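Biologist: Please take a close look at one part of this model. I would like its surroundings first, then the wider chain.

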Amino acid sequence: MGYYGRESNVILGTIGAIVGSLVGVAIWIVIYRLGFIAAIAGVAIIASATKGYEILGGELDKKGVIISAVVALIMVFFANYISWCMSLYFDLKSEYQISFIDIVKILPGIIKEAGVLGDFIKDLVIGYILTIIGGFSTIRNNFSAAN
């Protein structure tokens, strides 16, 4: 049950968490383009996913906190993937006739061919660690408030 004794709408809340988390993903991508991976970007993903769940789901109950946290973890992967795509696109666009969508489609092959899977995974693990460290108190506080 949520703050007012009502249950949240899980389907709409999940959609809200996904859409809301895109704000944090955008922050992640900007910070990554500057050459960093920062905990604040992970916190932004968690906070915006939670707020999105609350807005569309109607209540931020414990289910909503858990769903928002899971969405946030998935979106950290998405943010890392898109960040890598953008970096590669900006590196290649002047030399090759390639679109951003092409890069999104072929990134796994490029990572494998270039032998940089370890670098991709390292960025992802650092992102997850920073997100968990930075977002732990947000998740804990939301979970406690959700009764």
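**A serine in a helix**

Modeller: Ser83 sits in helix 3, residues 62-92. Helices here are DSSP runs of H or I with at least four residues, strands are E runs of at least two, and both are numbered from the N terminus. The model is predicted: local features need pLDDT of at least 70, side-chain atom pairs count only at pLDDT 80 or more, and totals for chains, interfaces and linings use all residues. Residues are numbered from 1 along each chain as its sequence is written, and side-chain values use heavy atoms, without hydrogens and water.

Ser83 is buried, because its relative accessible area is 1%. Buried means under 20%, exposed over 50%, and partly exposed in between (1.4 Å probe, protein chains only). Leaving aside neighbours within four places in sequence, Ser83 is in contact with Trp28, Ile29 and Tyr32. Contact means heavy atoms within 4.5 Å.

Now Ile11. Ile11 lies in helix 1. Ile11 counts as exposed because its relative accessible area is 64%. Ile11 belongs to a nonpolar surface patch with Leu12, Ile15, Ile18, Val19, Ile55 and Leu56. Together they have about 640 Å² of accessible area. Helix 1 (10-33) and helix 2 (39-57) each supply at least two patch residues. Helix 1 gives the largest share, 5 residues.

Buried residues make up 38% of its 147 residues. Of the contacts with a separation of 6 or more, 74% join residues 24 or more positions apart. The C-alpha trace spans about 60 × 25 × 25 Å along its principal axes.

Technical notes:
Patches are made of residues with over 30% relative accessible area and no salt bridge: like charges are joined within 9 Å, nonpolar side chains (Val, Leu, Ile, Met, Phe, Trp, Tyr) within 5 Å. Accessible areas come from the Shrake-Rupley method with a 1.4 Å probe; for residues, only the protein chains shown count as cover. A salt bridge is a side-chain nitrogen of Lys or Arg within 4 Å of a carboxyl oxygen of Asp or Glu.
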